[in-house]
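Below are my notes on the model, as numbered points. Please read them alongside the coordinates.

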Amino acid sequence: MTVSEELKDTEGSVPVADDARGWGGMPRWLPRAMVLFLVLVGLFQLADWAFRQLIDLFVMLLVAFFLSLALEPAVDRMAARGVRRGVGTFLVFVAVAVAVVGFLAALGTLLVDQVGKIAGDLPHLVDTLIAWVNRTFHQDLSLGELQKRLLKDSGTVEGYAQQAAGNVWGVSSTLIGGLFQTFTVGLFTFYFTAEGPRVRRTVCSLLPPSKQGEVLRAWEIALAKTGGYLYSRALLAVVSAAGHWVMFELIGLPYSAALAIWVGVMSQFVPTIGTYLAGALPVLVALTVEPVDALWVLAFTVVYQQIENYVLHPRITARTVDVHPAVAFGAVIAGAALLGAVGALIAIPAAATLQGFVGTYVRRYEVATDPRIDRGEQRRARRELRREAARRLRRMVGGDGG
């Protein structure tokens, strides 16, 4: 090869970079990107697994936080009078425990008595049921024949007994788990309440000074709204229990105190269906004594509910917090969908807190009178003017005639 041919070959060959080889080569960043993607997917799966394992703990912490918001105002008042926060929190816990035990004891007494009464009347009820079946379906059944059939199918009865024993074991384990969760919630609630200032100081220490004031303001809103809502409900429950107790005593209803406590607590602290559950039990008890008393109980419950809705509730909640019924109903549905029964119980305090945030941080503007907003208001105003003119005319005519 001559020198001129070597120069031609050199001039005709162009060096190609490794990253620009076309479709035949792999970019250098692709392996690292694939490894990073796999690591991120693994971290996401690990975080999802950890969250699912700890979701019960998160729910218990949320419940404990709302309970501490409800109890802390009382502890703050005691601390302002010189009582140590730990002692004040313990006293508040004792008061709540006494109230809960009293409520359960009253209902337990009523339940035991009713179960004993049903057990005593069971033979008569069975005879009445057999007679009704014989009349209705033209049968010739007897108690002895039913006992023989029951003993004949002892294998089936044994199977039912074994299933019931398994259910009892499941209920026992559920009860133990529920007691453990209650203890855990109580422990966190005690800590959040007794160490409230320290908890707030710890949270604020993680934020810049410009954000600490906003966090403390939001915390104060949550304290005021949650505590105010629960205290107003407790006061309404006391008034409702007292009013129903007087009514039950007047008509001679048995276990009037227990039934009154049931009505007061259920109607105020069970969302949405609490009022119906509260009135159903006294009506059923009255039916077992005197059917006419059931009508009196139902009528008084309905009348008292109206008085509470339009007289007592606005006055008591005027200084605390008032949640619109539609907002409360929607909050209960959302809370139940997210967290089940626990979400339904804390939904209304959460809605009250959110309503306080909106009222504090969202700016509102005055709205001018517009017929497109207040439909029918102008017609109502014109009717009022015509009525006022007619009244003045009647007074003028009456004065002239006199």
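Predicted model: local features only at pLDDT ≥ 70, side-chain atom pairs only at ≥ 80, totals over all residues.

1. Tyr-304 lies in helix α10, residues 291-317; helices here are DSSP runs of H or I with at least four residues, strands are runs of E with at least two, and both are numbered from the N terminus. Tyr-304 has a relative accessible area of 9% and is therefore buried, where buried means under 20%, exposed over 50% and partly exposed in between, with a 1.4 Å probe and protein chains only. Tyr-304 touches Leu-236, Val-239, Ser-240, His-244 and Leu-312, leaving out residues up to four places away in sequence; contact means heavy atoms within 4.5 Å.

2. Residues are numbered from 1 along each chain as its sequence is written, and side-chain values use heavy atoms, with hydrogens and water left out.

3. The protein chain has 13 helices and zero strands. Of its 402 residues, 24% count as buried. The chain exposes about 28,500 Å², and carbon and sulfur atoms supply 68% of that area; accessible areas come from the Shrake-Rupley method with a 1.4 Å probe, and for residues only the protein chains shown count as cover. Among contacts between residues at least 6 apart in sequence, 62% join residues at least 24 apart.

4. Helix α2 (residues 29-80) packs with helix α7 (residues 209-250) at an angle of about 85 degrees, the axes being 8 Å apart. That makes α2 roughly perpendicular to α7. Axes are lines fitted to C-alpha atoms, for helices over the stretch in contact, and angles run from 0 to 180 degrees between N-to-C directions; under 35 degrees counts as roughly parallel, over 145 as roughly antiparallel, 65 to 115 as roughly perpendicular and the rest as oblique.

5. Which residues form the contact of α2 with α7? From α2 come Phe-65, Phe-66, Leu-69, Ala-70, Leu-71, Glu-72, Pro-73, Ala-74 and Arg-77, and from α7 come Trp-219, Ala-222, Leu-223, Thr-226, Gly-227, Leu-230 and Tyr-231. By class there are twelve nonpolar, two polar and two charged residues; Ala, Val, Leu, Ile, Met, Phe, Trp, Tyr, Cys and Pro count as nonpolar, Asp, Glu, Lys and Arg as charged, and the others, Gly among them, as polar.

6. Arg-200 sits in helix α6, residues 196-205. Is Arg-200 buried or exposed? Arg-200 is buried, because its relative accessible area is 12%. Its side chain is joined to that of Glu-72 by a polar contact of 2.8 Å; such a contact is a pair of N or O atoms within 3.5 Å, where within protein one must be able to donate a hydrogen and the other to accept it, and residues adjacent in sequence count only if both atoms are side-chain atoms. Leaving aside neighbours within four places in sequence, Arg-200 is in contact with Glu-72, Leu-216, Trp-219 and Leu-223.

7. Phe-103, in helix α3 (residues 85-137), counts as buried at 16% relative accessibility. Outside four places in sequence, Phe-103 is in contact with Ile-261, Trp-262 and Val-265. Phe-103 and Trp-262 are 159 residues apart in sequence, yet 7.5 Å apart in space, C-alpha to C-alpha.

8. Tyr-255 deserves a check of its backbone: phi is positive, about 55 degrees, although the residue is not a glycine. Tyr-255 lies in the loop between α7 and α8 (256-269) and is partly exposed, with a relative accessible area of 30%.

9. Ser-256 is in helix α8 and counts as buried at 5% relative accessibility. The Ser-256 side chain makes a polar contact of 2.4 Å with the side chain of Glu-249. Not counting residues up to four places away in sequence, Ser-256 touches Trp-245, Phe-248 and Glu-249.
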